[in-house]
Amino acid sequence: APNTLLAAFGNFPGCISGARVSIDGSSTIVFGSSPTQINFLVPPGVAGKQAASVQITCGELTYLPVTMQIAVATPAIFTASQDGVGQAAIVNQDGSVQTPSPLGTVVTLYGTSFGLLVHDGPDGLAHTVLPVTAYIGGAAATVLYAGEAPGYTSGLQQINVLIPLDSPTGASVPLQVVVGGFGTQGGL
């Protein structure tokens, strides 16, 4: 989806640094590369397409293009374990990280692939175009902000959520974020 942080895994000899990635012939941002992984941005320009061609170049070696399917959004929330399951990577209202979050407070979550963003807010930030909802323990939470994570790289999105007073409490409360009808991964 547009504005997605993506990783390509494979055998990329010569890609210790300086990899280049093009999507449908246009260069995109590369965040890092190694002989086995290249991290890059799926740019907003893929919006409205069904598929796009991805081509990787390392030095003088250009790999055959690969076709990837494009969606409106495929939201994912980053987790503390960095494997996409379990405890969401959360910053509490008081600035603490990965500690219990009291009911009625605001938590900040980070993710990617929320789709198109628009710079229309009075705050100067890029907000999501698609509607965003959140559920904590099945209780609807108030989304205070969803969009670009200020001060960070393109492709990293932030969502600020007010924990509902009727949310269940405990060590493992399920979390779901829905962007334009597309839900985040299970197991959060």
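A pocket is here an open set of points, on a 1 Å grid over the protein atoms alone, where a 1.4 Å probe fits and where protein lies on both sides within 12 Å along at least five of seven lines. The model is predicted, so that local features need pLDDT of at least 70 and side-chain atom pairs count only at pLDDT 80 or more, whereas totals for chains, interfaces and linings use all residues. Residues are numbered from 1 along each chain as its sequence is written, and side-chain values use heavy atoms, with hydrogens and water left out.

The largest pocket holds about 540 Å³ of space, a volume being the space filled by probe spheres set on the grid points, which are joined across faces, edges and corners. Its lining, meaning residues with an atom within 4 Å of a point, comprises 25 residues, and Gln-87, Ile-90, Ser-101, Gly-170 and Val-173 lie nearest the centre. Two or more lining residues come from each of β10 (90-92) and β11 (106-112), strands being DSSP runs of E with at least two residues, numbered from the N terminus. The lining divides into 14 nonpolar, eleven polar and no charged residues, where Ala, Val, Leu, Ile, Met, Phe, Trp, Tyr, Cys and Pro count as nonpolar, Asp, Glu, Lys and Arg as charged, and the others, Gly among them, as polar.

The second largest pocket contains about 350 Å³ of space. It is lined by 15 residues, of which Phe-78, Thr-79, Gln-82, Asp-83 and Gly-84 are the closest to its centre, and β1 (4-9) and β9 (76-77) are the elements that give two or more residues to this lining. Six nonpolar, eight polar and one charged residue make up the lining of this second pocket.

Definitions and conventions
Helices (H or I, at least four residues) and strands (E, at least two) are DSSP runs, numbered from the N terminus.
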